[in-house]
Amino acid sequence: MAETPLSLGEKTFILHGVDLDLRNDGRSRCQYRSIEIETRLMQHTHGSARLRIGNITDVLVSVKVEIDTPYAERPNEGKLDFFVDCSANATPAFEGKGGDDLATEISNVLSMAYQTSDVFDLRQLCILPHKKCWKMYVDILILQCGGNLFDAVGAAVKAALYNTEIPKVIAATLDGSEPDIQVSDDLYNCIKLDVTNYPLLVTICKIGDNFVIDPTSEEESCSIASILMSVMPNGKVTSVVKLGYGSLLPSTLIKMMQVGKDIGLKLNEALMKGLEEENKLGRMKPIYGFLR
């Protein structure tokens, strides 16, 4: 994660604010900044979403599918790949190969969060066992980094998968040993994913003797340890990753995980409510994209 350089006085100001439950932007320790999300803004993809937190952190996600051959050890499953690109415009620290380590870390976290069949059943991407399957590419572009990048990416990925439309296979036969796949060219004849169990990422950042959610880049620079949780809508935690070089007491870790679980439940509920309201507008909804 790109650190924001702060003076000792600035760090002391942030630490005292967190102790008083009054952060430098007026929020309490367990309060998110405003979140804006827009879906279906990229016409040449099967699904897309753009998410902004506090008008600072900005993430763009696109989903594409193509027909591929399943793995020999998993012949009845499709494929799901995450790719992250950290734009040099997001922060000077991403210039050159500066964002490669962060991009790899984000893609690994997403892979862990979606690795269980309870979350994403890869069998739904199978077309012909042993022969053909759908391979899904989830491409994430970091446009601007203003803190809490993992949470923003997790929510944007779920939003993009929510509106992903996979072309319907109208015929799948074997001509000798070669599969013959026919896909519908009707835009409205498609299959939508069931995102009911898809998790969200929640970062709990320890600052001093307290911990906060949705940290800004300045607050992240004051933290020595954080935990990153992937929380399903039913409250089940699919993965936990520790970030930072500091240590955590077992009692502190338990409290942080409980807060993360509670926040994950509320965030999942709020996100799904917003996506359902936007979906009611249909395909004729206005697309703002990068005009605002």
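This briefing describes the fold of one protein chain and then several of its residues.

The structure is a predicted model, in which local features need pLDDT of at least 70, side-chain atom pairs count only at pLDDT 80 or more, and totals for chains, interfaces and linings use all residues. Residues are numbered from 1 along each chain as its sequence is written, and side-chain values use heavy atoms, with hydrogens and water left out. The chain contains five helices and 14 strands; helices (H or I, at least four residues) and strands (E, at least two) are DSSP runs, numbered from the N terminus. Its radius of gyration is 20 Å, close to the 19 Å that the globule rule gives for 292 residues, so the chain is as compact as a globular protein of that length. The radius is taken over C-alpha atoms, and the globule rule is 2.2 Å times the number of residues to the power 0.38.

**The chain as a whole**

- The C-alpha atoms fill a box of roughly 75 × 40 × 40 Å along the principal axes.
- Of the 292 residues, 48% count as buried; buried means under 20% relative accessible area, exposed means over 50%, and partly exposed lies in between (1.4 Å probe, protein chains only).
- Among contacts in the chain with a separation of 6 or more, 70% join residues 24 or more positions apart, where contact means heavy atoms within 4.5 Å.
- The chain exposes about 14,700 Å², of which carbon and sulfur atoms supply 52%; accessible areas come from the Shrake-Rupley method with a 1.4 Å probe, and for residues only the protein chains shown count as cover.
- There are 30 positive and 39 negative side chains, and the centres of the two sets lie 4 Å apart. Lys and Arg count as positive and Asp and Glu as negative, while His and the chain ends are not counted. The place of a charge is taken as NZ of Lys, CZ of Arg, CG of Asp or CD of Glu.

**Arg27 and Asp214**

- Arg27 lies in the loop between α1 (8-19) and β1 (35-39), and it counts as buried because its relative accessibility is 6%.
- The side chain of Arg27 makes a polar contact with the side chain of Asp214 at 3.1 Å. A polar contact is a pair of N or O atoms within 3.5 Å; within protein, one must be able to donate a hydrogen and the other to accept it, and residues adjacent in sequence count only if both atoms are side-chain atoms.
- The side chain of Arg27 also reaches the backbone oxygen of Gln31 at 2.7 Å.
- Not counting residues up to four places away in sequence, Arg27 touches several residues, including Tyr32, Ile213 and Glu219.
- Asp214 belongs to the loop between β12 (210-213) and α4 (217-221), and it is buried because its relative accessible area is 0%.
- Phi of Asp214 is near 50°, a positive value in a residue other than glycine.

**Asn148**

- Asn148 sits in the loop between β6 (132-144) and α3 (149-162), and its phi is near 55°, a positive value in a residue other than glycine.
- With 1% relative accessibility, Asn148 counts as buried.

- Ser107 is part of helix α2 (residues 100-113) and counts as buried at 13% relative accessibility.
- A polar atom of the Ser107 side chain lies 2.9 Å from the backbone oxygen of Thr104.
- Apart from neighbours within four places in sequence, Ser107 is in contact with Phe82 and Val84.
- Phe83 lies in strand β4 (residues 79-86) and, with neighbours within four places set aside, is in contact with Val138, Asp139 and Ile140.
- Phe83 and Val240 are 157 residues apart in sequence, and their C-alpha atoms are 20 Å apart in space.

**Lys285**

- Lys285 lies in the segment after α5 (250-279), and at 9% relative accessibility Lys285 counts as buried.
- Leaving aside neighbours within four places in sequence, Lys285 is in contact with Glu38, Thr39, Arg40 and Glu278.
- Lys285 and Lys135 are 150 residues apart in sequence and 29 Å apart in space, C-alpha to C-alpha.
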